[in-house]
Amino acid sequence: MKKIKYESFLTAETHLHIQNGNKKLGQGIYTINLLSGDKPLTLKDGTILTNVNGTCEGCCDGCKKDCYAIKTQLRYNNDVPTWADNTLLAKYDVLTFFGELQNFINKNVVAVIRYHALGEIPSFNYLFKAVELANNNPNVRFYLYTKRFQWIEKYIDSFGDFPKNFVVNVSIWHNNYKNPLGLPEFIYDDGTQAELENVVHCPAVDKSGNNTGVTCAMCKRCINAKRGTRTAVYAH
């Protein structure tokens, strides 16, 4: 049996890891990644990447081999320890997670934070705390993409709409969500739905699935998305 490559445990030394952009986001957009999938990932040779489960349980009908988040974690697996630390804090010590994020905002010039370039909302309490952080920092714009549709609806039903600086883009694939609240939609276009040709597409990916060099920092469409906005992205 293969050994675990990166073992992570929640200790007093576990801290939040925040990244300043990447080639898709662009500089100036800070992001906090969590582990994707619903179980520890395994490399082709059988090596278990980490002992920490991902955050996507129940979001999809099993983890797909073509999931970009899974492929990214396998490709850049040297970063798994930092994603695992973030995941442990998000799941089991949400006060430290958002306390350290607030401390980071206090000490730095921060305009935009994207949650989960990898990973998902791990709990309803986490969502509540994320909105609370946005309310406490009205000059910072927060945005995310999610398939936690029921929790999003539950929050709005219980507490009212999200603050203007907290943008929730619901992730749509093959009409998996009816979107009764008209939240901004980010739709995966794998070429099987002809009607998506009439939807504005993310400029970061061309029709062949190649990166164009346009970053989120350049476009800002999803960062500033409003109710009724629909954006498709070509399969990549």
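Colleague: With which side chain does the side chain of Glu 185 make a polar contact of 3.2 Å?

Modeller: In this predicted model, the partner is Arg 230, whose side chain makes a polar contact with the side chain of Glu 185 at 3.2 Å. A second polar contact, of 2.9 Å, joins the side chains of Glu 185 and Asn 179.

Colleague: Where is Glu 185 found, and is Glu 185 buried or exposed?

Modeller: A residue counts as buried when its relative accessible area is under 20%. Because the value for Glu 185 is 13%, Glu 185 is buried, and its place in the chain is strand E8, which covers residues 185-189.

Colleague: Which residues is Glu 185 in contact with, leaving aside its neighbours within four places in sequence?

Modeller: With those neighbours set aside, Glu 185 is in contact with Val 170, Ile 172, Asn 179, Thr 229, Arg 230 and Thr 231.

Colleague: Which residues make the contact, and how do they divide by class?

Modeller: From H4 come Phe 124, Leu 127, Phe 128 and Val 131, while H5 brings Trp 151, Ile 152, Lys 154, Tyr 155 and Phe 159. By class, the contact of H4 with H5 has eight nonpolar residues, one charged residue and no polar ones.

Key. Residues are numbered from 1 along each chain as its sequence is written. This is a predicted model: local features need pLDDT of at least 70, side-chain atom pairs count only at pLDDT 80 or more; totals for chains, interfaces and linings use all residues. Side-chain values use heavy atoms; hydrogens and water are left out. Helices (H or I, at least four residues) and strands (E, at least two) are DSSP runs, numbered from the N terminus. Buried means under 20% relative accessible area, exposed over 50%, partly exposed in between (1.4 Å probe, protein chains only). A polar contact is a pair of N or O atoms within 3.5 Å; within protein, one must be able to donate a hydrogen and the other to accept it, and residues adjacent in sequence count only if both atoms are side-chain atoms. Contact means heavy atoms within 4.5 Å. Ala, Val, Leu, Ile, Met, Phe, Trp, Tyr, Cys and Pro count as nonpolar, Asp, Glu, Lys and Arg as charged, and the others, Gly among them, as polar.
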